[in-house]
Amino acid sequence: MLVPLVAPCVRYTFAGMDTSLSQDARFQCASDQSLLVYFGQEITRHAHRQVMKLLRLLQLEPVAGIRNLHPAYCSLLVKFDAPRLRHEEVEAILERYLERLDEVILPEPRHVEIPVCYGREFGPDLADVCAIHGMTPARAIELHASAKYLVYFLGFVPGFAYLGELPTGLVTPRLATPRRRVARGSVGIAGNQTGVYPFATPGGWRLIGRTPIKMFLAEQDGLSLLSLGDRVRFTPISADRFAALEKE
Amino acid sequence: MRVIQVQEPGLFTTVQDLGREGFGPLGVSASGAGDAISLRLGNRLVGNVEGAAGLEMTLLGGRFVFPEGALLVLTGSDFGATLDGEPVELWTAFEAKPGQTLRLGPTRSGARCYLCVRGGIAVKSFLGSASTHILSGLGGFDGRALRKGDVLDTGAANGLTRKRKLSARAVKTMEPRKVLRVTPGPQSLWFDEASHRLFYGSTYRVAEDSNRMGLRLEGVAIPMPPDGARQEETGRNACPTRGRGGMISEGVALGAIQVPEGGLPVILFVEQQTTGGYPKIANVISADFHSLGQLRPRDEIRFDRVDWETARDLLRQQEEFLASEEVILE
């Protein structure tokens, strides 16, 4: 079968003469009912702010026929009603939103502290991480708890926040073979990211600790503990404190 | 209120409707029936709205008793159902008298069979949907698959509607496909021509550990595109999510076909992860989603590439057919 190597659905929008970077977005069809909006090719705070702004504008002024939004580091997946809407029509609508990104004011970031019991059964990979970097557990914990992380997006499973960036001394590749089951509340690291598993799921991140705090709650309790743009800090706690908090 | 007593749950039976859209920013995927068309038609056959909640059974059905009776229908795959020992026809509404037992067995065709009841299954809604999200334990009945002894409430419905059946033409038209039609994935350009030929020229087998999150495929591995290589070749035209050192995680669409390390494709399904970091070579078209929901482990499938216009036309035709008068017979 002949397979054309040029996808027929790649289009670009270039920033106009007198406009800012906010229009430097690129569209790509992802499926027959979704479209990806890319802001650049790298994870930067700027690209991420553009994602948050477009998301916020689409949430404040929803578009009939746009059914779902999946934000990530520097892209937003837009799912729409097919065949009622076509990719081109969604692009035209989004263009008008993109032109207005500069006027979007993002809410002040919330600051969230997450207590973590590091090491031992709570963080079965802490010893390996220390071995890889030739540092003591105390130093690894100090490093992990020293940084203030940005919530780039929630993805993978409900309430899983992709947090960046890990201090360079802790940057570690993910496990070669993912675990079939990671305990709920596990705090993992992978590359220069860190995150908390809200549920017992499979997972390939290296586990260095665990939090007793629930990351994803019932509807009436506000669902996800973390939202896009939040700032997060991890606080080391003892096993006793973990047990006490878990009971609450 | 009428109830359904679960005497045997079957292998994996969950409450499903058409899912919850709009919570991607929280990492919550839509979930919903694996074969949404069978659920929609089932609901219409018992006089419900299309999106009412029903039971989705997987590979092996359960045993259910209706103490106050019920108007029911089974749709999707044939699980060899009997009502007090009498065979029950698929796609045809029937009445269970008070105390009668509906018994289902192993599948004789595809992966999923739907039990729809007049009034729908009544469960507490989570984010606007009755759909069970197994991974997070949310939605549906207690956020889990049914167990022996569960008692399900059914919704209110006035009187019995006339017993309806699906037209033979509709049954035939909606028959699940084993050749899935796909459009190019957002990273299809990362894969060279030889990889595309492998992908479109090979037969894949659905792996045992496939589930509502995704279908793992066995067969010919697709070589991973070399890191960064294609970016230089194609400059600005290269996929922008390929940062230094590989792919940057991005939102993933329902039906996306990811090629992870190892090269064996994975098709993301209804309870999918909302974002992912593997390149997508293709995406199953919406008109073939119901076929995905009927694939069983060990089924053999192939992929057929179509253009965007064709994908759209096929979906439009499907929806027009489903809305036409020749689908449901009174």
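Start with burial in chain A. Of its 248 residues, 44% are buried. Keep in mind that this is a predicted model. The C-alpha atoms of chain A fill a box of roughly 55 × 45 × 35 Å along the principal axes. The secondary structure here comes to 5 helices and 14 strands. Now the contacts in chain A with a separation of 6 or more. Residues 24 or more positions apart account for 61% of them.

Next, the barrel. Which strands of chain A close into it, and in what order? There are 7 strands, and the order is 6-13-10-11-8-7-14. The pairing is mixed. From one strand to the next, the twist averages 40°.

Let's walk around it. Begin with strand 6 of chain A, residues 111-118. Strand 6 runs parallel to strand 14 of chain A, and 6 bridges join the two. One pair to find on screen: V112(A) stands opposite V232(A) in strand 14.

On to strand 13 of chain A, residues 206-210. Strand 13 pairs with strand 10 of chain A in the antiparallel sense, over 4 bridges. Here I189(A) has R206(A) as its bridge partner in strand 13.

Strand 10 covers residues 186-190 of chain A, and 4 bridges join it to strand 11 of chain A. These two run antiparallel. G188(A) stands opposite G195(A) in strand 11. Strands 10 and 11 of chain A also form a hairpin, with 2 residues between them. Look at the turn: G191(A) has a positive phi of about 60°.

Stay on strand 11 of chain A, residues 193-196. Which residues point which way? Q193(A) and G195(A) go one way, T194(A) and V196(A) the other. Are they buried or exposed? All are buried.

The other neighbour to look at is strand 8 of chain A, residues 161-164. Strand 8 runs antiparallel to strand 11 of chain A, joined by 2 bridges. L163(A) has T194(A) as its bridge partner in strand 11.

Then strand 7 of chain A, residues 149-154. Strand 7 pairs with strand 14 of chain A over 2 bridges, in the antiparallel sense. Y149(A) stands opposite V232(A) in strand 14.

Helix 4 of chain A, residues 137-146, lies across strands 6, 11, 13 and 14 of chain A. Helix 4 runs at about 150° to strand 14 of chain A.

Let me stop at one residue of strand 14. R233(A) has its place in that strand, which spans residues 231-236 of chain A. Why does R233(A) count as partly exposed? Because it has 13 C-beta neighbours inside 10 Å, and the partly exposed class lies between 12 or fewer for exposed and 20 or more for buried. Leaving aside neighbours within four places in sequence, R233(A) is in contact with E113(A) and K148(A). For a sense of distance, take A92(A). It is 141 residues from R233(A) along the chain, and their C-alpha atoms are separated by 40 Å.

Now the nonpolar core. The largest one has 159 residues. Which residues have the most contacts inside it? They are V37(A), V78(A) and L72(B). Take V78(A). Beyond four places in sequence, its contacts include V37(A), I66(A), L69(A) and V90(A).

Over to chain B. An open sheet of 5 strands runs in the order 2-3-10-5-8, with antiparallel pairing. The edge strands are strand 2, residues 14-16, and strand 8, residues 94-96. Each pairs on one side only. Neighbouring strands of this sheet are turned by 35° against each other on average, direction ignored. Q16(B) has G54(B) as its bridge partner in strand 3.

How do the chains meet? The contact takes 48 residues from chain B and 53 residues from chain A. On the chain B side, elements giving two or more residues include helix 3 (193-201) and helix 6 (308-323). That side divides into 19 nonpolar, 20 polar and 9 charged residues.

Last, confidence. The predictor gives the complex an ipTM of 0.93 and a pTM of 0.91. Chain B has a mean pLDDT of 92, and 93% of its residues reach 70 or more. There is an exception to flag. Over residues 228-245 of chain B, the pLDDT is below 50. Where pLDDT is low, the predicted coordinates should not be read in detail.

Technical notes: Residues are numbered from 1 along each chain as its sequence is written. Chains are lettered from A and ligands numbered from 1 in the order in which they are written. This is a predicted model: local features need pLDDT of at least 70, side-chain atom pairs count only at pLDDT 80 or more; totals for chains, interfaces and linings use all residues. Two residues are in contact if their C-beta atoms, placed from the backbone, lie within 7 Å. Ala, Val, Leu, Ile, Met, Phe, Trp, Tyr, Cys and Pro count as nonpolar, Asp, Glu, Lys and Arg as charged, and the others, Gly among them, as polar. Two strands pair if DSSP finds at least two bridges between them. Axes are lines fitted to C-alpha atoms, for helices over the stretch in contact, and angles run from 0 to 180 degrees between N-to-C directions. pLDDT is the predictor's confidence in each residue, from 0 to 100. A nonpolar core is a set of buried Ala, Val, Leu, Ile, Met, Phe, Trp, Tyr and Cys residues joined through C-beta atoms within 7 Å.
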